[in-house]
Amino acid sequence: MTVAELDARDARFRFDFNSLAIPEDVLQPIRRDLYHSQGHGYHVFRNFLDPRIAAHMQRFWSELELTHVHEPLPAEGVKMLFNGCPDYYYGTQHGDHRGYLNFFWNHPADEVSYAVAMQVQWLRNRVMGRTPQDDIFPLHGRSVSYRTVISKRGKVVTPTHRDFAADEWIREPWRLQATLFLSAPGVDFTGDGFILETNRGDHVMFGRDVPIANGDLVLWRYCNEHSVLNVESADDQCGFIRMLFPVEEVPNRQRPPLRHASWPEMRVQILERLKATPLGQRVLVPIWHRIRRRR
Amino acid sequence: MTLDAQTLIDMALDVNIAPSTWFTQWDELGDWQFDILKRCGLQPEHRLLDIGCGPLRLGALAIPYLDPDHYCGIDPTGPLLALGRKVIDRLGIDRRYSLLQSGAFEFGRFGVQFDFAIAQSVITHLSEAQITACFSALKAVMRPGGRFIFTYLLARHAAPLGFLMDGVVPMIRPGLADERLFANLADRLGFCFVASDEPHPSQKVGICTF
């Protein structure tokens with residue numbers, strides 16, 4: 001039920017902090033699904049996107065030219081990210097894989113995706129029992145990127161791995177991953193696709209063991225083993241498209257200068273620096289005022 | 001006997017508490033609390049007040065050690081206390097203890113005088129006015145010679161000073177530059193405060209003698 005419907009139904013309803021937040025009791029069965037030793041280790045929010053939004057996002061990212069808005073990801077990869085960095089791409093337009101790394105501090109390539117990604121991060125934070133705005137901006141040196149990944153074909157697209165090695169999970173036992181499906185297995189691609197280990201240790205394939213459709217959101221436990229395998233798509237299929245929400249290390253490095261300052265700009269900079277020194281304040285600034293008065 | 005992190009997570013989900021690092025630091029901090037109390041002289045016949053007792057991490061060790069009904073825990077968060085009761089049941093501890101859900105430092109409601117009190121990561125979540133109220137309330141319930149052990153952080157400009165605990169509970173950090181607040185309270189209320197050099201996994205330790 002939307003806030004507007006609630007508002008129309010109950011005259012006592014009012015907009016306040018609590019009514020706009022996700023109630024804790026709604027989150028309880030979701031948390032149980034995700035974290036309990038007998039739970040799935042994942043939770044599917046079916047029809048998280050309405051069909052119009054889902055279709056728009058699928059089309060937008062399928063058709064977006066890599067270099068239209070995004071810059072090439074440096075060879076060093078995500079280690080080169082910094083606060084204020086541009087949106088990046090990797091892969092080739094008509095190759096087997098490509099990806100678009102988007103950050104909340106940039107003007108979005110697609111406002112719809114930006115708004116959706118913000119809601120996904122908000123929801124994930126609340127399920128994790130964290131503050132709603134966690135990791136949206138790099139206030140603590142980390143920030144989420146909303147990354148659209150398109151896989152047309154490949155035997156091992158993402159090798160089997162865990163995002164936390166060994167007992168690393170004890171540092172952040174709440175940590176969840178999110179995958180927003182923007183295409184459907186069996187419709188937009190064939191093969192295996194996304195495979196995830198449950199909390200009980202068995203493996204499920206999304207599209208075969210777990211029904212999944214374009215616009216479904218899956219939250220899943222960070223430490224569970226997962227992979228993307230055996231994806232095939234014909235020329236008229238868009239492939240396996242999903243939006244991922246990895247939290248990246250984003251140091252507060254300065255944006256590198258785009259160009260060198262011109263000589264007049266440098267002269268102004270040097271004078272400004274000199275003015276700030278004790279000598280400048282005692283000698284240069286009075287001279288500068290005297291010259292101005294004469295003019 | 002202890003509980004592993006996944007067992008604690010499973011139990012916490014029953015009362016809708018999301019996983020947190022305090023599940024995985026359970027033994028480390030619980031042992032630290034119990035050890036320092038014993039080093040300061042805690043005996044089974046003493047009465048202990050556990051301020052901000054939460055899910056009874058210390059209670060799980062202190063309740064079976066103390067005489068029946070000599071452990072009193074107070075915490076403002078109902079689900080944490082509910083989890084605490086589950087922990088004690090799970091560990092098979094059948095000794096009597098008292099819990100009170102309150103965030104107003106109503107220590108007098110237990111109706112006893114205490115030999116020891118402890119507050120782990122509580123002062124770090126209170127405003128200066130709340131810290132003053134806490135110490136004033138303690139003064140009224142501590143026996144002469146009773147000891148209060150607490151942890152605190154010094155960080156004048158630590159941001160954010162207001163925060164949402166677990167994403168839902170509004171709280172305040174005091175942002176203390178030094179220990180002057182505790183020393184002034186000691187002078188005003190008439191107790192002895194020492195900034196202890198006891199090692200702690202992440203915070204500083206203060207010890208008050210009433």
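Colleague: Which residues on the other side of H5(B) are exposed?

Modeller: This model is predicted. In it, Gly78(B) and Asp89(B) are exposed on that side of H5(B).

Colleague: And which residues of H5(B) are buried?

Modeller: Start with the general idea. An α-helix has 3.6 residues a turn, so residues three or four places apart point the same way. Now the case here. Leu80(B), Leu81(B), Leu83(B), Gly84(B), Val87(B) and Ile88(B) are the buried residues of H5(B). Their arc around the axis is only 160°, which puts them on the same side of H5(B).

Colleague: How many residues does helix H5 of chain B have, and how far does it reach?

Modeller: H5(B) runs over residues 78-90 and has 13 residues. From first C-alpha to last, H5(B) reaches 18 Å. That is close to the 18 Å expected at 1.5 Å a residue.

Colleague: What comes just after H5(B)?

Modeller: Look at Gly92(B). Its phi is positive, about 75°.

Colleague: Now the two chains. How many residues of chain A are in contact with chain B?

Modeller: On chain A, 20 residues are in contact with 16 residues of chain B. Helix H3 (24-35) and helix H6 (111-127) of chain A each supply at least two residues of the touching side of chain A. H3(A) gives the largest share, seven residues.

Colleague: How do the residues of that side of chain A divide into nonpolar, polar and charged?

Modeller: Seven are nonpolar, six polar and seven charged.

Definitions and conventions
Residues numbered from 1 in each chain as written. Chains lettered and ligands numbered in written order. Predicted model: local features only at pLDDT ≥ 70, side-chain atom pairs only at ≥ 80, totals over all residues. Helix = DSSP H or I, 4+ residues; strand = E, 2+ residues; numbered from the N terminus. Expected span 1.5 Å × (residues − 1). Buried ≥ 20, exposed ≤ 12 C-beta atoms within 10 Å, placed from the backbone. Arc of directions from axis to C-beta. Contact = placed C-beta atoms within 7 Å. Nonpolar A, V, L, I, M, F, W, Y, C, P; charged D, E, K, R; others polar.
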